[in-house]
Amino acid sequence: MMMKIFISLLVTILFMTTHSTFAATVPLNELIGQFNEKTHPNYINLDHTILPVNKPNMYLQKPVAEKLIEAYQAFKAEHPTLPFIIISATRNYAYQNGIWQRKWKTLYTKYKNSHKTADAILQYSSMPGTSRHHWGTDVDITSLESSYFLQDQQGKILYDWLIKNMPKYGFCQSFTQGRKVGYQPEEWHWSYQPIAKHYIAQYRYYMDKHPEQIINKLNFAGHNNLNLKKLINDYVFSINHQCY
Ligand SMILES: [Zn+2]
């Protein structure tokens with residue numbers, strides 16, 4: 001009898017430990033994109049799936065790719081001739097840093113001011129280390145122009161379908177209309193919430209308890225002259241509440 005109670009207690013404790021640690025163990029380097037998705041065992045190259053892509057060697061976490069394929073197939077069943085193309089998936093820190101450096105160079109020449117330069121880049125591009133594209137959970141679909149989704153005939157059909165159906169597969173639109181700060185609305189950017197919610201929770205944990213652990217690792221152009229805590233607050237956390 002005692003043995004039975006002991007064993008069930010042990011099982012309960014083990015269950016609780018594995019489950020509570022599961023939600024809080026996104027490694028810091030993966031949270032801020034400082035890893036190589038191409039060699040990560042949980043990631044899959046989209047070239048090895050049926051998903052249409054606009055360039056080779058884009059990666060996603062495997063469960064994300066599986067759900068995205070289901071969504072894609074459902075869309076194609078209804079609209080066989082309309083485009084549903086993955087145009088961006090995982091972008092690691094080094095890649096994002098390349099985008100940031102390029103834009104910084106051009107825009108700093110124009111504004112000659114770090115804050116104005118950062119604000120201009122941040123309309124659509126993340127600071128390296130703060131992008132949801134680091135997580136292997138987020139994708140951009142078909143076009144990076146709002147006008148495509150809001151005005152183009154095919155784009156409107158796609159966007160209506162995404163809004164109505166993507167939640168069935170676990171995806172939310174991260175950057176919706178009506179948020180007071182953060183990125184402009186992005187009709188093309190969809191996030192796999194069952195996994196991404198652990199990343200955003202972990203990011204919140206670091207910024208509340210140990211912000212220096214993240215901030216010390218961000219060494220992109222202008223980082224010394226920017227209020228990174230505030231920018232992270234505005235840009236990482238100001239998302240559609242359905243993505244939390
Ligand atoms: Zn995106």
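The UniProt record, an unreviewed entry, lists residues 58-194 as "domain: D-alanyl-D-alanine carboxypeptidase-like core".

A word on confidence. This is a predicted model. The protein chain has a mean pLDDT of 93, and 90% of its residues reach 70 or more. Over residues 17-23, however, the pLDDT is below 50. Beyond near neighbours in sequence, that stretch has two contacts in the model.

Now to the helices. Two packed helices are described by the angle between their axes and the distance between the axes. Here the pair is H4, residues 93-111, and H5, residues 114-121. Their axes are 9 Å apart, and the packing angle is about 130°. H4 is therefore oblique to H5. The crossing of these two helices, H4 and H5, is right-handed.

Which residues in H4 meet H5? From H4 they are Trp100, Lys103, Trp104, Leu107, Tyr108 and Tyr111. On the H5 side, the partners are Lys116, Thr117, Ala120 and Ile121. Sorted by class, the contact of H4 with H5 has seven nonpolar residues, one polar and two charged.

That is what I have on this pair.

Notes:
Residues are numbered from 1 along each chain as its sequence is written. This is a predicted model: local features need pLDDT of at least 70, side-chain atom pairs count only at pLDDT 80 or more; totals for chains, interfaces and linings use all residues. pLDDT is the predictor's confidence in each residue, from 0 to 100. Two residues are in contact if their C-beta atoms, placed from the backbone, lie within 7 Å. Axes are lines fitted to C-alpha atoms, for helices over the stretch in contact, and angles run from 0 to 180 degrees between N-to-C directions. Helices (H or I, at least four residues) and strands (E, at least two) are DSSP runs, numbered from the N terminus. Angles under 35 degrees count as roughly parallel, over 145 as roughly antiparallel, 65 to 115 as roughly perpendicular and the rest as oblique. A crossing is left-handed if the near helix is turned anticlockwise from the far one by less than a right angle, and right-handed if clockwise. Ala, Val, Leu, Ile, Met, Phe, Trp, Tyr, Cys and Pro count as nonpolar, Asp, Glu, Lys and Arg as charged, and the others, Gly among them, as polar. UniProt positions are given in the numbering used here, feature names are shortened, and annotations may be inferred rather than shown by experiment.
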